[in-house]
Amino acid sequence: MTGWTSDELKKIGSADELKISSLRRDGTLRNPVTIWVIRLGDNLYVRSVNGRTSAWFRGTQVRLAGHIQAGGVEKNVSFVEEGDSAINDQIDAVYRSKYGHYDRQYVDPIVAPEARAATIKLVPLSKGS
C-alpha cells in the first residue's frame, strides 16, 4: 500500500462527489454509486447515509477493496472501517463544514449515529494491487 499524493488529496478532497465501486467475490467491480467524500488531514473518508445496511456499504465488506473516481482521479483502494469516536467527531465537523451549504435535511443524516457506524477510510492501493 502507498499513501495519497498531495495532488490526489487536494483533488478528491475538494470534489463534491465521489463514485465508489466495490469488488464482487469474483473480482469484478459493482456498478458505481455516487456519494459524498471528505478529507481529514492525509486521509479520505466516506460514509453510508443509510448506515451499514445500504447495498453499497455491504458491498465494501465483501472484498474490502474497490475503485473510486473523484476530482479527475481514479484509484484502486482498500476499505478500512473507522470506529474511533474521536476521529468520527472530527469527520462530522468536516462533513458539516464542506456540505453545510446544503439543506440540513441532507447533512444531518450523514453525521447521525447510523452513518457514523458506516464510516470508511479510503486507502490507496499500489498499481499491482
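In strand S2, Leu18 finds its bridge partner in Ile35. Strands here are DSSP runs of type E with at least two residues, numbered from the N terminus, and two strands pair if DSSP finds at least two bridges between them. S1 (residues 18–22) and S2 (residues 33–35) run antiparallel and are joined by three bridges.

Before going on, please note that this is a predicted model, where local features need pLDDT of at least 70 and side-chain atom pairs count only at pLDDT 80 or more, while totals for chains, interfaces and linings use all residues. Residues are numbered from 1 along each chain as its sequence is written, and side-chain values use heavy atoms, with hydrogens and water left out.

## The sheet as a whole

S1 also pairs with strand S5 (residues 65–70), in the antiparallel sense and over four bridges; here Ser22 stands opposite Gly66. Four of the five residues of S1 are buried, meaning under 20% relative accessible area with a 1.4 Å probe and protein chains only.

Both pairings belong to an open sheet of seven antiparallel strands, in the order S2-S1-S5-S6-S7-S4-S3. Its edge strands are S2 and S3 (37–40), each pairing on one side only.

## Around strand S7

What does S7 pair with? One partner is S6, over five antiparallel bridges, with Ser78 opposite Val123 of S7. Another is S4 (residues 43–47), joined to S7 by four bridges and also antiparallel; Leu44 has Leu122 of S7 as its bridge partner. S7 itself (residues 119–124) is mostly covered, with five of its six residues buried.

Beyond its neighbours within four places in sequence, Ile12 is in contact (heavy atoms within 4.5 Å) with residues including Trp4, Leu18, Leu44 and Lys98.

## A buried charge

Glu82 lies in the loop between strand S6 (73–81) and helix H3 (85–99). Is Glu82 buried or exposed? Glu82 is buried, yet has no salt bridge, which would be a side-chain nitrogen of Lys or Arg within 4 Å of a carboxyl oxygen of Asp or Glu. Lys121, the nearest side chain of opposite charge, is 4.9 Å away. Not counting residues up to four places away in sequence, Glu82 touches several residues, among them Tyr45, Ile91 and Arg116.

Notes
Buried < 20%, exposed > 50% of the residue type's maximum accessible area, 1.4 Å probe, protein only. Lys, Arg positive; Asp, Glu negative; His and termini not counted.
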